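Trainee: I would like to learn how to read the features of a model. Can we work through one together?

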Amino acid sequence: MALTPPPNTLALDIRALDALKQGAGSRAQAAQTTREAARQFESLFMHELVKSMRAATLKSGLMDSGQADLGQDLLDQQLALSLSGMAGGLSEAIRRQFARQMAGAAGEAGGDANGDAKGHADGAPASSTLGLQPPAAASASAGAPSQERARFVQRLGHSAERVARDSGIPAGFMLGQAGHETGWGQSEIKHADGSNTFNLFGLKAGQGWAGKVAEVRTTEYVDGRPRKVLAKFRAYDSYEESLRDYARLINSSPRYAKARAQTGSVVAYATELQKAGYATDPGYARKLSGAIHSALRAQRTQT
């Protein structure tokens, strides 16, 4: 079913709206539905623009009447509809915004009461950021208030410093990544009973994991598209145990050797982690870099 109305569609034709509603629930017609919704919004904007122009025009009073005003308004609606949807017009910008918001919402829909979790299994490809962040935020790390980030860094700071002395990975790097993965503590991985797994980095429980496990629904990116899967994650007895397990993974896995060599640069470290397949989110390095810088700033204010 074609959702885009033909050129002679009337502004008051409710069949076009019905078609739009039907297409909204169809994944196959998502792009077409988004395009038509954007055209409808542009049409509304154009109509308001024409109305404001007419309101600013002096009237003679000779032909004024309620019927004439109604007829003029209908003509204006039709004019606005015919002017909308043109290439390079406002509807294109609206369509792009809709598409971005729909893509963000798709990555977060379907989470359970415990939220969604990232998945990194023994260095295997992983998912995107945790699912309790607002759709408009670029990531959980970007959306969290500065006070929230500061509290998170303060709460885990001493543990991260101890692990940093033993592993050589800067405490700020680990705190930033843990903050990014957990939405600064707001979207931590939970057991089915609601108890904490203390899994700060979304590490999965692969075949080589002999510790405790939590089964959680998570978002994985496949060919750039978010998908929901059920996965097993590692569970710990403390945050420090999680930090040490992460450091052990980074230091012992050959795939992260280039990242280990870049601990002097936030951007380089984050970039090498993404290249090594730590996460499947195509924007992971950029988001992680921002989170690490936030953690480093919080550390400086607390010393």
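Predicted model: local features only at pLDDT ≥ 70, side-chain atom pairs only at ≥ 80, totals over all residues.

Mentor: Residues are numbered from 1 along each chain as its sequence is written, and side-chain values use heavy atoms, with hydrogens and water left out.

Trainee: How many helices and strands are in the protein chain?

Mentor: Helices (H or I, at least four residues) and strands (E, at least two) are DSSP runs, numbered from the N terminus. The protein chain has eleven helices and four strands.

Trainee: What share of the residues counts as buried?

Mentor: Buried means under 20% relative accessible area, exposed over 50%, partly exposed in between (1.4 Å probe, protein chains only). Of the 303 residues of the protein chain, 44% are buried. Contact means heavy atoms within 4.5 Å. Among contacts between residues at least 6 apart in sequence, 67% join residues at least 24 apart.

Trainee: What span does helix H7 reach?

Mentor: The expected span of a helix is 1.5 Å times one less than its number of residues. H7 covers residues 171-182, twelve in number. From first C-alpha to last, H7 reaches 16 Å, close to the 16 Å expected. Just after H7, glycine 183 takes a positive phi of about 60°.

Trainee: Why is H7 described as largely enclosed?

Mentor: An α-helix has 3.6 residues a turn, so residues three or four places apart point the same way. In H7, twelve of the twelve residues are buried, so the helix is largely enclosed by the rest of the structure. Among them are Phe173, Gln177, His180 and Glu181.

Trainee: In which sense do strands S3 and S4 pair?

Mentor: Two strands pair if DSSP finds at least two bridges between them. S3 (residues 212-222) and S4 (residues 225-235) are antiparallel over eleven bridges. Arginine 217 stands opposite leucine 230 in S4. Two residues lie between the strands of this hairpin, where aspartate 223 takes a positive phi near 55°.

Trainee: How many aromatic pairs does a search of the whole structure find?

Mentor: Rings of Phe, Tyr and Trp (its six-membered ring) pair if their centres lie within 6.5 Å; planes under 30 degrees apart count as stacked, over 60 as edge-to-face and the rest as tilted. The search finds eight. Phenylalanine 173 and tyrosine 269 form a tilted pair, 5.1 Å centre to centre with 55° between the planes. This pair links helix H7 to helix H10, 96 residues apart. Phenylalanine 173 is buried at 5% relative accessible area, and tyrosine 269 is buried at 0%.

Trainee: Why is the pair of tryptophan 209 and tyrosine 236 edge-to-face?

Mentor: Their planes are at 70° and their ring centres 5.7 Å apart, so the pair is edge-to-face. Tryptophan 209 is in the loop between strand S2 (203-204) and S3, and tyrosine 236 in the loop between S4 and H8. Tyrosine 236 is buried, with a relative accessible area of 1%.
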